[in-house]
Every structure is written in structure tokens, then in C-alpha cells.
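Open the model in your viewer and keep the selection tool at hand. Each stop below gives a selection and then what is there.

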Amino acid sequence: MDIEFVRSRFIKHFDGTTGSVYTSPGRINLIGEHTDYNGGFVFPGAVDKGIMAEIKPNGTDKVKAYSIDLKDYVEFGLNEEDAPKTSWARYIFGVCREMIKRGVEVKGFNTAFAGDVPLGAGMSSSAALESTYAFALNDLFGENKIDKFELARVGQATEHNYCGVNCGIMDQFASIFGKEDSLIRLDCRSLEYQYFPFKPMDYRLVLVDSVVKHELASSAYNRRRQSCETVVEAVQKNHPEVKLLRDCNMEMLGEVKGTVSEEDYKRAEYVIEEIQRVLDVCDALEKGDYETVGQKMYETHYGMSKLYEVSCEELDFLNDVAFDCGVTGSRVMGGGFGGCTINLVKSELYETFVTTAKERFKAKFGRSPKIYDVVISNGARKLE
Ligand code: GLA
């Protein structure tokens with residue numbers, strides 16, 4: 001994305017002066033889906049697509065915000081009762097409020113922002129937006145005294161308290177901590193993390209976007225989380241030390257099979273297996289064993305489709321196409337209910353796969369999927 005573009009719009013929409021420019025990326029996740037809020041492992045990386053915002057304190061107690069992409073302008077105050085109705089503005093408002101709750105004296109500012117993270121593709125455009133503003137407000141009003149983890153929590157709390165999604169920490173974490181050519185394994189229970197260099201010579205990561213958006217994705221997401229908590233409560237009766245599904249194994253789960261619903265059981269089974277798959281993938285990567293990495297990705301897809309039930313017809317179709325083309329690994333990425341598959345493809349197969357996926361998808365669903373090449377990039381930062 002172009003800094004001059006954002007700057008020119010900022011100048012045009014406000015008083016002709018310039019401010020500071022910040023950016024924060026979207027993310028991919030190689031493996032470890034719906035594990036974050038269960039205290040498990042995730043394995044994301046930031047991408048080269050994100051949100052860019054120009055911001056300047058305006059000496060008032062009002063935020064004046066302009067969405068360049070939507071050509072939409074919203075003004076709001078900084079008190080709890082000032083929450084705007086417009087959904088994109090609620091993210092910025094939520095971040096302001098969460099920063100204030102953490103002791104940052106946020107004042108009014110002018111801001112214009114634009115983005116190139118595809119919306120609804122499961123690449124966390126909302127986390128990119130939250131992280132951009134959390135990072136910026138910390139710099140402009142907070143003397144950077146809030147640490148990076150807490151900035152990620154600001155974004156997560158914004159989702160919980162102002163946007164109705166009880167998400168985990170993965171997206172905001174990746175958006176803040178991202179590093180060029182590295183994936184990050186995060187233990188969501190201890191919050192320990194480790195960078196894994198990821199720049200395979202003979203493989204490429206490519207996203208195939210079904211362009212399906214599920215209307216009720218956030219309530220379905222919250223229900224998945226609820227299922228996991230219900231199972232934990234049941235397991236706790238025999239094992240009081242268990243706080244999260246991360247602390248459970250299949251044996252403990254087996255003990256409550258008759259007492260929880262079949263649906264909740266399947267959800268928990270998926271999560272327990274998925275947490276282990278992240279560790280297996282990291283081991284395989286260290287050995288350069290991409291076949292195993294890919295195999296685990298297919299297993300994740302199966303689990304997300306049949307046990308966690310967050311896939312859809314279009315994504316299952318894209319997964320089958322990948323398999324037919326001999327793609328090493330493929331699965332639905334992110335929260336699910338639409339969005340992309342992430343594919344680990346041998347370089348020599350790339351062209352055939354992309355062409356076949358487009359053709360077969362179009363023949364079946366009457367429209368083309370979108371293709372994004374993944375470039376693993378840096379996290380939140382100030383540009384100017
Ligand atoms: C969404 C949430 C994340 C995570 C993923 C699924 O992206 O925001 O916290 O739970 O879904 O892995």
C-alpha cells in the first residue's frame with residue numbers, strides 16, 4: 001500500500017497538514033486453528049497486506065475518522081457513551097477506550113486510513129485495523145509505555161467489548177509481532193513464543209479465496225467457544241486442575257463422552273488433536289519435512305470440516321481440488337465459515353494448481369476465486 005496515497009487523502013480531508021503514519025498487517029496461520037482461546041498453540045505469520053493510517057492530534061476531545069476505501073466519515077467522543085454505530089468506526093473507538101482503560105490519556109485526533117487486506121477472507125483485516133491504532137495511540141499519547149503483548153490484548157478486548165466476537169489472541173498477536181520470513185509459534189497458555197524462519201526454496205504458500213462470507217460467522221464462532229468451555233466444565237468434575245482444553249487429553253475427554261452432547265464432544269476432539277498438530281508441524285519444519293507439514297494441514301481441514309464444522313461447500317471443494325492437483329498441504333484458514341484455503345504448493349505445481357482451481361471453481365460456482373501469494377512480513381510499525 002502506498003503511503004503517498006493515504007497522505008494525499010489525509011491532507012484533502014482535514015486541514016492540509018500532515019501527521020504520523022502507521023501500519024499493521026493481516027496474517028496467515030499455517031496451522032493451529034481455534035486453539036488460541038483454548039490455551040493451545042498457533043503458528044501464524046504477518047503478511048504484506050494491511051491497514052495504513054495517518055493520524056494527528058487535533059486539540060479537541062473528538063476523533064474525526066475517515067475511511068478512504070469506503071469514503072465514509074465518522075466523528076465520535078472518547079467516553080463510553082460516545083460509541084459510534086458505524087461498524088468500522090467501532091474498532092477505532094474500541095481501541096481508544098481500551099487504551100484509556102489502561103491509563104493512556106487519549107485525546108482527540110484526525111485520522112484517515114486505507115487497507116488492502118481482503119475483507120472476510122480470514123486474513124484478519126479487523127486485527128490489522130485494531131493493531132494499527134493500538135500501536136499509534138501508544139506512540140502518540142502513551143509514550144510507548146504499553147508493551148507489545150498488551151497492545152495485542154487491546155485489539156482482542158476491542159473485539160470482545162465493542163464488536164461482539166469472543167476471539168482469541170492469535171490475530172492481534174501476529175499483527176503486532178510479525179517478522180519478515182518468519183512464522184511465530186505462540187503458546188496461548190504461557191504466552192511464550194518462538195520465531196521459526198520460513199522461506200522454503202521449493203514451495204510456495206498461496207491463498208485461494210472462496211469469496212464466501214458467512215452472515216452469522218461471529219455468533220457461530222462464539223458458539224464454538226462455548227462448546228469448548230462446556231466440555232472443560234465437564235472434565236473439571238474429575239480433573240479440577242483442568243482450566244482449558246489445552247490441559248485435557250483424549251482419555252479425559254473419553255471420560256465425559258456420555259455427559260456432554262455429541263456435538264460438543266466433536267468440537268473438543270478437534271481442538272485436542274489440533275493443538276498436537278501444531279507441535280508436529282513445527283518438528284517437521286525443523287527437519288525440512290514438508291510432506292508431513294502438508295499431511296497435517298489436510299488433517300486440519302478434515303477436522304475443521306467434519307468435527308468443528310466451520311468449513312463450507314466452497315472451501316471443501318477447493319480442498320479437494322488441491323488434493324487432486326497433488327498440492328502438498330491445504331486447509332481452510334482462520335475462523336472459517338468462508339474465506340480462504342491456505343495451500344502449501346511445490347513451486348513446479350503452482351501454475352497448474354492455480355489455473356485448475358480457478359477453472360474448476362468457476363465451472364461449479366459460476367465465479368472465480370481470488371488468489372493471493374503469501375509474503376511473510378513485519379508487524380505493526382510507524383512509517384513516518
Ligand atoms: C479468528 C479469531 C482468532 C482465532 C481464529 C481461529 O481469526 O480472531 O482468535 O480463534 O479465528 O483460529
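Start by selecting Gln172, which lies in helix 5. The model is predicted, so keep that in mind at every stop. Is Gln172 buried or exposed? Its relative accessible area is 1%, so Gln172 is buried.

Now show what surrounds this side chain. Neighbours up to four places away in sequence are set aside here. Gln172 then contacts Ala127, Glu130, Ser131, Ala152, Gly155, Gln156, Glu159 and Cys167. Ala380 is 208 residues from Gln172 along the chain, yet the two C-alpha atoms are separated by 9.8 Å.

**Helix 4 against helix 5**

Select residues 148–162 for helix 4 and 170–177 for helix 5. How do the two axes cross? They come within 8 Å, at roughly 140°. Angles over 145 degrees would count as roughly antiparallel. Helix 4 and helix 5 are therefore oblique to each other. Their crossing is right-handed.

Show the side chains at this contact. Helix 4 supplies Lys148, Phe149, Leu151, Ala152, Gly155, Gln156 and Glu159. From helix 5 come Gln172, Phe173, Ile176 and Phe177. Sorted by class, the contact has six nonpolar, three polar and two charged residues.

**Asn138**

Move to helix 3, residues 125–141, and pick Asn138. With 2% relative accessibility, Asn138 counts as buried, because the cut-off is under 20%. Which residues does Asn138 touch, beyond those up to four places away in sequence? They are Met99, Glu143, Asn144, Lys145, Ile146 and Leu151. Leu151 also belongs to the helix 4 side of the contact with helix 5.

**Helix 6**

Select residues 217–236. Check the length of helix 6 from end to end. Its 20 residues should span 28 Å at 1.5 Å a residue, and the end C-alpha atoms are 29 Å apart, which agrees.

Colour the buried residues of helix 6 next: Ala220, Tyr221, Asn222, Arg224, Arg225, Ser227, Cys228, Val231, Val232, Ala234 and Val235. Two arginines, Arg224 and Arg225, are on that list. What do these buried residues pack against? Their partners are helix 4, helix 7 (250–255) and helix 8 (262–286).

**Helix 8**

Finish on helix 8, which has 25 residues. From first C-alpha to last, helix 8 reaches 37 Å, close to the expected 36 Å. Then step past its end to Gly288, which follows helix 8. The phi of Gly288 is positive, near 70°.

Key: Residues numbered from 1 in each chain as written. Predicted model: local features only at pLDDT ≥ 70, side-chain atom pairs only at ≥ 80, totals over all residues. Heavy atoms only, no water. Axes fitted to C-alpha atoms, helices over the stretch in contact; angles between N-to-C directions. Helix = DSSP H or I, 4+ residues; strand = E, 2+ residues; numbered from the N terminus. Parallel < 35°, antiparallel > 145°, perpendicular 65-115°, else oblique. Left-handed = near helix turned anticlockwise from the far one by under 90°. Contact = heavy atoms within 4.5 Å. Nonpolar A, V, L, I, M, F, W, Y, C, P; charged D, E, K, R; others polar. Expected span 1.5 Å × (residues − 1). Buried < 20%, exposed > 50% of the residue type's maximum accessible area, 1.4 Å probe, protein only.
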